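Trainee: I am new to this structure and would like to learn how its features are read, one after another. Could we begin with a pocket and then move on to the core and the aromatic rings?

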Amino acid sequence: MEKSDIRITHTYEDYLELTTTIQKLIKIMLLELRTEVKEFKDIMFLYSLARAGVQIESILDLWELQHYSDCLILYRTQVERLLTLHYLIDSDTIQEFDEWSFIQNYENRNKAKSDREHSKFLVNKFWTESRRRIEKYQRLKKENVTWTRPSSSKLEEIAKKHDLLFLYKYGYKYASGFVHPLSSDGEEEFGLVTGIQPKNGKQFDTIPIINNSIVVLIFIVKLALDETNFSWNEYVFKVLNSAEDFIVEHSPDYKEHMKVVEYMIENDIKIYKKYAT
């Protein structure tokens, strides 16, 4: 098997240990803030942490199954989420995004349950909207929410602005070829299912998928922490910064930094302070 990126020399086990540490850090932060968070902005960023932590686990599981195309689909959504978060911050439209998201969810649910052919099978308890949600939807429709999802060209612009163009090229654009149908879909899966590989085909390692997914995970976590209304202990960022160093230089310092965070939690030492509002 030939290398597809000569910079990468880590093993799957290296990445698994690193990912487990980052997931542990995410869980600690979510549990610490579960009763502190009140503002929607903070809630959104904490949800982003939870989603990022679960998504990287899905990518690892799919990689072990050799479902590499599906790994790339999730990797692409990771990159889109990171760039969209930057867009929301840059444009100061987090509240508008929340309103747009509510309308999208409400209308998608309504379209689904209005299907005459299958509506008789739907469980009313799940599909019925509360009076509160109905009133909120009616109010937002009157307010004419104009937020729109950033286009591919806009995401490229955002990537350039934040020095993330490499992620846009290799994550968003390249991986988009696995999201949207192409005539070559299933070529790799054919070999996986049948065990028959092309005689003259070269096999390249797929470990860069994991490497790049972890990079995006770290970027999402750091961005989310920077944008919350909380000041974080330096060792929280030391874990994340040294995780980046590990990817580049194999430095194991992230493990020692994580031990400090765990010690603080075990001894009821706060790892954050809330900014005065």
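Mentor: Let us start with the second largest pocket, to whose lining helix α2 gives the most, with 7 residues. Please keep in mind throughout that this is a predicted model.

Trainee: How is such a space found, and which helices each supply at least two residues of the lining of the second largest pocket?

Mentor: The general idea is that rolling a probe the size of a water molecule over the atoms shows where empty space is left. In this case about 760 Å³ of space lies in the second largest pocket, and 20 residues line it, of which M44, R51, R81, F97 and S101 are the closest to its centre. The helices that each supply at least two lining residues are α2 (40–64), α3 and α4 (94–113).

Trainee: Helix α3 also holds H86; is H86 buried or exposed?

Mentor: H86, which is found in helix α3 (residues 68–91), has a relative accessible area of 12%, and because the cut-off for buried is under 20%, H86 counts as buried. Leaving aside neighbours within four places in sequence, H86 is in contact with I158, H162, L164 and L223.

Trainee: How should I read a nonpolar core, and which residues touch the most other members of the largest one?

Mentor: In soluble globular proteins, nonpolar side chains tend to be buried together. Here the largest nonpolar core has 71 residues, and M29, I214, L225 and W232 touch the most other members; helix α10 (residues 207–227) contributes the largest share of this core, 13 residues. If residues up to four places away in sequence are not counted, L225 touches M29, L49, F230, W232, V236, F237 and L240. There is also a second, separate core of 6 residues, which includes F102, I103, I134 and Y137.

Trainee: And how is an aromatic pair described, and how many does a search of the whole structure find?

Mentor: A pair of aromatic rings is described by the distance of the centres and the angle of the planes. The search of the whole structure finds 15 aromatic pairs. For W232 and Y272 the ring centres are 5.8 Å apart and the planes stand at 55°, so the pair is tilted. This pair links distant parts of the chain, with W232 in strand β1 (residues 230–232) and Y272 in strand β2 (residues 272–274), 40 residues apart. W232 is buried at a relative accessible area of 9%, and Y272 is buried at 6%. Elsewhere, ring pairs link Y87, F97, W100 and W147 into a cluster.

How values were computed: Residues are numbered from 1 along each chain as its sequence is written. This is a predicted model: local features need pLDDT of at least 70, side-chain atom pairs count only at pLDDT 80 or more; totals for chains, interfaces and linings use all residues. Side-chain values use heavy atoms; hydrogens and water are left out. A nonpolar core is a set of buried Ala, Val, Leu, Ile, Met, Phe, Trp, Tyr and Cys residues joined through side-chain atoms within 4.5 Å. Buried means under 20% relative accessible area, exposed over 50%, partly exposed in between (1.4 Å probe, protein chains only). Helices (H or I, at least four residues) and strands (E, at least two) are DSSP runs, numbered from the N terminus. Contact means heavy atoms within 4.5 Å. Rings of Phe, Tyr and Trp (its six-membered ring) pair if their centres lie within 6.5 Å; planes under 30 degrees apart count as stacked, over 60 as edge-to-face and the rest as tilted. On a 1 Å grid over the protein atoms alone, a cavity is a set of points where a 1.4 Å probe fits but cannot get out, and a pocket is an open set with protein on both sides within 12 Å along at least five of seven lines; lining residues have an atom within 4 Å of a point. Grid points are joined across faces, edges and corners, and a volume is the space filled by probe spheres set on the points.
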